[in-house]
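Good morning, and thank you for coming.

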Amino acid sequence: MRAVAVNYTTRRVEERETPVPVPALPGEVLLRVVETGVCGTDRELAAFAFGAPPPGADYLILGHEAVAEVADPGPGPHRFRKGDLVTPTIRRPCAAGCATCRRHRADLCLTLQYRERGITGLHGFFTEFAVEHQDNLVAVPPRLAGVAVLAEPLSVVEKALDRALAVREEAPRTALILGAGPVGLLTALACRQRGIVSSLHSLEPASHPRARLAERCGARYLERLEGVFDLVIEATGSAAAAFAGIGRLGPLGVCVVLGPGVGTGPLSFLDFVVRNQSVVGSVNASPTSFARAVDDLGRFDPDVLARMITRVPFADYPASFAPAAAESIKRVHVIH
Ligand SMILES: [Zn+2]
Ligand SMILES: [Zn+2]
């Protein structure tokens, strides 16, 4: 079967032939991958910024945003039937079995020795078939087949908002979203769903299609950063943006940092103290967040979701790892 992988010997992204995996252990199922989304994490993996192949391999099959069909329910026990549509969660527990991994929250792993499909230590889903344990699969209703590839990025949003609400002492009424990528736009939809009035700031001019899409997601688009907000959700890849966002927090404000890059900068602890503010980091998502993401995809405006997705053939993978790929909001490779 065909797979798109990063090769750690040649330092390139390549298409390669790999054997079709076989479900062997109890609970494992064979998945026929329907489509795979590509994001900034994949582009960082392709640039060898981080990530690791499975032990003993010199390549990593990419793909951590996927929709798949159960091709073979495997040896059982069976939670899924042949033909069921699913989306896989990404993170798998650490070998040490830390307290959070034991309670199915590998997204909160204490040892940081977790593995992630398509990112670190485990092959991903940018391939025709994959084997996964049924406990790591979230059911997708057939009517959401066309948008379920967004479940993984939305699961990140769901966890981020949960983290913010867990810290905040009053129900938030306003949110500032930084970044008009898939995570930023999905955050705007999730805020609207929760009755939180959102503003979205990004570098594009207000006439840009992304800015207009942000407004269709329910956010007021800000060309210039202004105002004071109950929540700030950073989804930019820029530490400078995260610091600017922290500066926009009101009393009891909570800033969730999702992808600030590696930069550092000054913080005013006095502001945090006087205004009871918090900065929270969040990564990955729990199985519950994935399930909630699938539910929310069923509630969001399907036309707006469709506008985020650019479908391309499997063979177009080189373009997904080129800098110009970022012009599409979400490139999705059709596998089957
Ligand atoms: Zn991703
Ligand atoms: Zn752990």
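Predicted model: local features only at pLDDT ≥ 70, side-chain atom pairs only at ≥ 80, totals over all residues.

**Sheets, domains and core**

Let us begin with a sheet of 3 strands, which is open, has the order 2-1-4 and shows antiparallel pairing. Strand 2, residues 12–17, and strand 4, residues 59–61, are its edge strands, and each of them pairs on one side only. From one strand to the next, the twist averages 40 degrees. Within this sheet, 6 bridges link strand 1, residues 2–7, to strand 2 in the antiparallel sense. As one example, V6 has V13 in strand 2 as its bridge partner.

Let me now step back to the whole protein. Its secondary structure amounts to 10 helices and 19 strands. Along the principal axes, the C-alpha atoms fill a box of roughly 55 × 45 × 40 Å. How does the radius of gyration of the protein compare with that of a compact globule? For 336 residues, a compact globule would have a radius of gyration near 20 Å, and the protein agrees with this because its own value is 20 Å. Of the 336 residues, 47% are buried. If we take the contacts with a separation of 6 or more, 67% of them are between residues 24 or more positions apart.

Strand 8, residues 115–117, runs parallel to strand 9 and is joined to it by 2 bridges. Here R117 has L122 in strand 9 as its bridge partner.

Next, I turn to strand 19, residues 330–334. How many of its 5 residues are buried? The number is 4, and the strand is mostly covered. Strand 19 pairs with strand 3, residues 28–38, in the antiparallel sense over 4 bridges. One of the residue pairs to look for is G37 with its bridge partner V332 in strand 19. Strand 18 also joins strand 19, through 5 bridges, and these two strands run parallel. In that pairing, V312 has H333 in strand 19 as its bridge partner.

We come now to the domains. The domain assignment gives domain 1, covering 2–147 + 300–334, and domain 2, covering 153–281. Their centres, taken over C-alpha atoms, are separated by 27 Å. In the contact there are 10 residues from domain 1 and 11 residues from domain 2. Which element gives the most to the side of domain 1 that touches domain 2? That element is helix 9, residues 302–308, with 3 residues.

This brings us to the largest nonpolar core, which has 87 residues; A148, L150, I233 and L297 touch the most other members. Let us look at A148 in particular. Apart from its neighbours within four places in sequence, A148 is in contact with V67, L85, T87, V140, V294 and L297.

A315 is found in the loop between strand 18, residues 309–313, and helix 10, residues 317–320. Is A315 buried or exposed? A315 counts as exposed because it has 11 C-beta neighbours inside 10 Å, and a residue with 12 or fewer is classed in this way. A315 and R275 are 40 residues apart in sequence, and their C-alpha atoms are 52 Å apart in space.

The other alanine, A244, has its place in helix 6, residues 239–246. A244 has 18 C-beta neighbours inside 10 Å and therefore counts as partly exposed. The cut-off for a buried residue is 20 or more. From A244 to L225 there are 19 residues in sequence and 8.2 Å in space, C-alpha to C-alpha.

Thank you for your attention; I shall be glad to take questions.

Note on methods: Residues numbered from 1 in each chain as written. Chains lettered and ligands numbered in written order. Core = buried A, V, L, I, M, F, W, Y, C linked by C-beta atoms within 7 Å. Contact = placed C-beta atoms within 7 Å. Rg over C-alpha atoms; globule rule 2.2 N^0.38 Å. Pairing = 2+ DSSP bridges. Axes fitted to C-alpha atoms, helices over the stretch in contact; angles between N-to-C directions. Domains from an automatic or database assignment.
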